[in-house]
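Please go through the notes below with the model open beside you. They take the ligand site, then the domains, then the backbone.

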Amino acid sequence: MSEQEKEAALPSKENFSEWYNDILQKGEIMDVRYPVKGLYVWYPFGFNLRRNVYEIIRKLLDKDHQETLFPLLIPENEFMKEAEHIKGFEDEVYWVTHGGTTPLDIKLALRPTSETAIYPMYRLWIRSHADLPLKLYQIVNTFRYETKHTRPLIRLREITSFKEAHTVHATWDDAAAQVDEAIRIYTEFYRRLAIPVLPSKRPDWDKFPGADYTIATDALMPDGKTLQVGTAHHLGDNFARTFDIQYEDAEGEQVYVHQTCYGISERSVAALISIHGDDKGLVMPPEVAPVQVVIIPIIFGEAGDVLRACEKVRDALEAEGIRVRLDAGDSRPGAKYYKWEMKGVPVRLEIGPRDLRNNAAMLVRRDTGEKQQVPLDNIGNEVLARFSAIQDALYEKAKKELDRRILDCMSLDEVKGNLSKGIVKVFWCGEKDCGLKLEEEVGAGILGIPTGQECCQGKCVVCGADADTMVYVARTY
Ligand code: 5CA
Ligand code: ZN
């Protein structure tokens with residue numbers, strides 16, 4: 001490694017926090033030098049990754065949702081209607097108070113989330129049971145004056161990639177089914193990013209302000225802390241009563257609707273980078289990688305034949321719809337490997353005179369470093385087969401790591417001893433007092449009760465009473 005490369009190298013991922021900050025810059029994901037706290041700038045490369053990630057969620061939702069776009073500004077009188085909701089958000093709202101030098105009659109909130117922008121319109125749009133269910137989503141920026149430590153992609157004051165869905169249903173049960181469906185969609189979305197997530201029902205004190213209940217999905221970060229990467233909320237008819245959203249049922253009665261909302265943010269990109277990356281840089285599932293294949297010519301003396309072969313391979317891959325780059329620049333091959341490894345390009349093809357004589361290329365996988373000669377005649381299929389192998393391998397690796405780091409614990413001391421390793425699972429009687437005491441004693445949060453898992457009988461780790469549920473507990477971002 002040259003001096004220059006050493007300087008450009010990442011800290012080891014063992015020092016996760018430093019590694020994370022560094023990779024955002026060196027991988028050209030985010031520039032953190034914007035002069036407002038909690039606001040960051042997408043580099044074009046990072047934005048390209050974001051676009052590919054959001055393309056997946058769009059496609060998944062477009063099957064039976066419609067995309068929409070509501071205003072950023074919410075008038076104070078609408079924002080203040082739902083008591084619980086205000087309590088949850090009032091410390092986090094940015095207010096627009098002036099137009100130029102003129103004070104506004106009605107202050108305007110920068111949306112921290114869009115219930116209070118959307119639901120007054122739902123009131124106008126929904127008339128009868130024939131209008132239901134209604135399932136809309138938007139991908140927008142939202143603003144939250146976060147007071148906890150801000151971090152790029154993870155805790156933002158301007159969330160630039162807030163995907164929020166807002167659905168309306170005839171009954172409470174229909175809305176509950178939609179919450180489950182949302183979690184199913186999110187699990188599939190994260191599966192495509194090769195990220196295993198844990199869905200759990202948040203304890204009551206940690207639900208979304210204004211909701212009946214919240215189901216969240218969490219991902220395990222390399223440092224053992226969890227990141228909440230998606231939430232789905234059952235809103236009951238709470239907002240319907242506040243915003244007077246009613247429909248005429250089959251008998252001609254006016255009935256309040258039942259609603260859900262569910263959101264994800266660029267935390268999805270944070271989890272992707274953190275979970276798959278390594279000491280050499282980004283590692284990406286091929287589906288979202290901005291560059292999927294890089295071709296490096298290995299030239300000794302006369303370049304002509306090798307370059308022509310590389311161009312042919314590039315054209316063949318492009319014809320398959322693969323995002324490919326031919327790096328024919330002047331740097332040494334080693335420097336090029338280094339650069340594209342940092343950028344997380346899933347497949348590298350090296351083509352030199354010897355390969356050409358065999359009508360082959362050397363294929364190198366970013367995730368494992370494995371090298372294999374592949375025939376040029378069938379290069380498109382070879383590459384595509386490798387993409388799906390990489391996708392599967394990334395998921396399997398992350399899943400194994402997650403499973404390894406979920407630890408059953410039977411006492412508070414055991415919990416304390418194991419939290420640095422990952423997520424612990426303990427019996428909890430369900431009493432709020434015990435839950436809060438547990439959180440305080442161990443210095444971590446209850447994520448919630450795992451959904452879709454059968455449980456068992458045990459004793460609450462706090463009070464010793466009979467318990468028939470287990471909860472995940474973790475240090476969280
Ligand atoms: N209206 C609902 C559903 S869209 C809502 O606002 N839910 S939320 O508050 O839980 O946010 C949805 C998701 O956005 C969270 O699960 C979390 O993954 C992400 N998120 C929340 N706050 C931030 C933040 N400050 N920075 C980055 N992501 C955030
Ligand atoms: Zn208890």
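1. A residue is near a molecule if one of its heavy atoms lies within 4 Å of it. Around ligand 1 there are 21 residues, of which Thr-113, Glu-115, Glu-146, Gln-228 and Thr-231 come nearest.

2. A word on conventions. This is a predicted model, where local features need pLDDT of at least 70, side-chain atom pairs count only at pLDDT 80 or more, and totals for chains, interfaces and linings use all residues. Residues are numbered from 1 along each chain as its sequence is written, chains are lettered from A and ligands numbered from 1 in the order in which they are written, and side-chain values use heavy atoms, with hydrogens and water left out.

3. Polar contacts (pairs of N or O atoms within 3.5 Å) come next. Glu-146 places a polar side-chain atom 2.8 Å from a nitrogen atom of ligand 1. Ser-265 also has a polar side-chain atom 2.8 Å from a nitrogen atom of the ligand. For Gln-228, a side-chain N or O atom is 2.8 Å from an oxygen atom of ligand 1. On its own, ligand 1 has 590 Å² of accessible area (Shrake-Rupley, 1.4 Å probe), and the protein covers 96% of that 590 Å².

4. Which elements build the shell? Strands E8 (158–169), E11 (226–236) and E14 (258–264) each supply at least two residues. E11 gives the most, with five residues. Strands here are DSSP runs of at least two residues, and helices (H or I) are runs of at least four, both numbered from the N terminus.

5. The shell around ligand 1 divides into eight nonpolar, seven polar and six charged residues. Asp, Glu, Lys and Arg count as charged; Ala, Val, Leu, Ile, Met, Phe, Trp, Tyr, Cys and Pro as nonpolar; the others, Gly among them, as polar.

6. The domain assignment gives domain 1 (3–276), domain 2 (293–401) and domain 3 (406–474). Such bounds come from an automatic or database assignment. Over C-alpha atoms, the centres of domain 2 and domain 3 are 47 Å apart.

7. Two backbone points deserve a look. Most residues other than glycine have a negative phi, and most peptide bonds are trans. The bond from Leu-132 to Pro-133 is cis, with omega near -5°. Pro-133 lies in the loop between helix H6 (115–125) and strand E7 (134–143). Asp-244 has a positive phi, near 55°. Asp-244 sits in the loop between helix H8 (238–243) and strand E12 (246–248).

Technical notes: A polar contact is a pair of N or O atoms within 3.5 Å; within protein, one must be able to donate a hydrogen and the other to accept it, and residues adjacent in sequence count only if both atoms are side-chain atoms.
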